[in-house]
Amino acid sequence: MKKNILIYGLIAGLIITTMMVCTAYLCYQKEDFQGNMFLGYATMIVAFSMIFVGIKNYRDKQLGGIISFGSAFKLGLYISLIASTMYVVVWLFDYYLFIPDFMEKYSSHVIKQYQDSGMGAAELKKEIDNMNWYKDMYKNPLFVVLLTYMEVLPVGAVVALISALILKKKSISLEAQV
């Protein structure tokens with residue numbers, strides 16, 4: 001089980017971190033910080049498809065085709081946790097070593113968008129205060145870690161849940177054996 005978790009978690013982590021580094025770099029290079037949310041979530045789904053593959057592989061090769069929902073879900077969560085941890089660690093290195101002014105530039109960009117949108121003064125102040133709060137919180141590495149996990153881990157948990165529901169098999173029926 002540990003081997004499956006490690007192999008498929010590392011593969012998923014490699015996929016998701018490679019795309020994150022590329023898209024963060026491209027997004028950072030543009031003045032408008034235009035990213036592609038669809039591409040980001042599509043990459044997460046592709047990366048987390050390794051959860052399905054890992055559960056199926058373990059069920060079929062190690063357990064003789066039988067796995068409970070709980071075991072499958074736990075296996076999927078562990079794979080997701082490894083990939084998500086890789087994502088967090090790579091983002092920390094990327095952020096602190098290569099783009100330490102990212103949050104400053106990004107928050108300035110978002111505040112300018114709010115100002116250009118024509119929203120009311122009270123709503124504008126609320127949005128600017130909210131963005132400044134995030135900017136201040138991003139000075140705390142623990143907050144950066146938690147926020148980064150929240151970007152990716154819930155997607156992995158949902159994929160683990162769906163994969164466990166699809167792949168669970170309690171036992172092979174007697175009729176199927178005859």
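User: Which residues does K135 touch, not counting residues up to four places away in sequence?

Analyst: This is a predicted model. K135 lies in helix α5, residues 121-137. Neighbours up to four places away in sequence are not counted here. The residues that K135 touches are M103, E104 and S107.

User: Which side chain does the side chain of K135 join in a polar contact of 3.5 Å?

Analyst: E104 is among the residues that K135 touches. The two side chains are also joined by a polar contact of 3.5 Å. The partner is E104.

User: Is K135 buried or exposed?

Analyst: Its relative accessibility is 18%. Buried means under 20%. K135 therefore counts as buried.

User: How are α4 and α5 oriented to each other, roughly parallel or roughly antiparallel?

Analyst: Two packed helices are described by the angle and the distance between their axes. For helix α4 (residues 102-116) and α5, the axes come within 10 Å and cross at roughly 175°. Angles over 145 degrees count as roughly antiparallel. So α4 and α5 are roughly antiparallel.

User: How do the residues of the contact of α4 with α5 divide into nonpolar, polar and charged?

Analyst: On the α4 side, the contact includes M103, E104 and S107. On the α5 side, K135 is one of the residues, and L124 and E127 are among the others. The division is 9 nonpolar, 3 polar and 3 charged.

User: Is K125 buried or exposed?

Analyst: K125 also has its place in helix α5. Its relative accessible area is 52%. Exposed means over 50%. K125 is therefore exposed.

User: With which side chain does the side chain of K125 make a polar contact?

Analyst: The contact runs from side chain to side chain, at 2.7 Å. The partner of K125 is D129.

User: What separates the C-alpha atoms of K125 and I111?

Analyst: I111 is one of the α4 residues in the contact with α5. K125 and I111 are 14 residues apart along the chain. Their C-alpha atoms are separated by 9.7 Å.

User: How are α3 and α6 oriented, roughly parallel or roughly antiparallel?

Analyst: Helix α3 spans residues 69-98 and helix α6 spans residues 141-167. Their axes come within 8 Å and cross at roughly 150°. That makes α3 and α6 roughly antiparallel.

User: How many residues of the contact of α3 with α6 are nonpolar?

Analyst: α3 passes α6 in a right-handed crossing. In the contact of α3 with α6, 6 residues are polar and 1 is charged. The nonpolar residues number 21.

User: Which residues is A157 in contact with, leaving aside its neighbours within four places in sequence?

Analyst: A157 is found in helix α6. With a relative accessible area of 24%, A157 is partly exposed. Beyond four places in sequence, its contacts are F73, L77 and S80.

User: How many Å apart in space are A157 and K126, C-alpha to C-alpha?

Analyst: In sequence, A157 and K126 are 31 residues apart. From C-alpha to C-alpha in space, they are 32 Å apart.

User: Is T17 buried or exposed?

Analyst: T17 has its place in helix α1, residues 2-29. Leaving aside neighbours within four places in sequence, T17 is in contact with M86, Y87 and V90. At 7% relative accessibility, T17 counts as buried.

User: Which residue's backbone oxygen does the side chain of T17 reach?

Analyst: The side chain of T17 reaches this backbone oxygen at 3.3 Å. The oxygen belongs to L14.

Key: Residues are numbered from 1 along each chain as its sequence is written. This is a predicted model: local features need pLDDT of at least 70, side-chain atom pairs count only at pLDDT 80 or more; totals for chains, interfaces and linings use all residues. Side-chain values use heavy atoms; hydrogens and water are left out. Axes are lines fitted to C-alpha atoms, for helices over the stretch in contact, and angles run from 0 to 180 degrees between N-to-C directions. Helices (H or I, at least four residues) and strands (E, at least two) are DSSP runs, numbered from the N terminus. Angles under 35 degrees count as roughly parallel, over 145 as roughly antiparallel, 65 to 115 as roughly perpendicular and the rest as oblique. A crossing is left-handed if the near helix is turned anticlockwise from the far one by less than a right angle, and right-handed if clockwise. Ala, Val, Leu, Ile, Met, Phe, Trp, Tyr, Cys and Pro count as nonpolar, Asp, Glu, Lys and Arg as charged, and the others, Gly among them, as polar. Buried means under 20% relative accessible area, exposed over 50%, partly exposed in between (1.4 Å probe, protein chains only). A polar contact is a pair of N or O atoms within 3.5 Å; within protein, one must be able to donate a hydrogen and the other to accept it, and residues adjacent in sequence count only if both atoms are side-chain atoms. Contact means heavy atoms within 4.5 Å.
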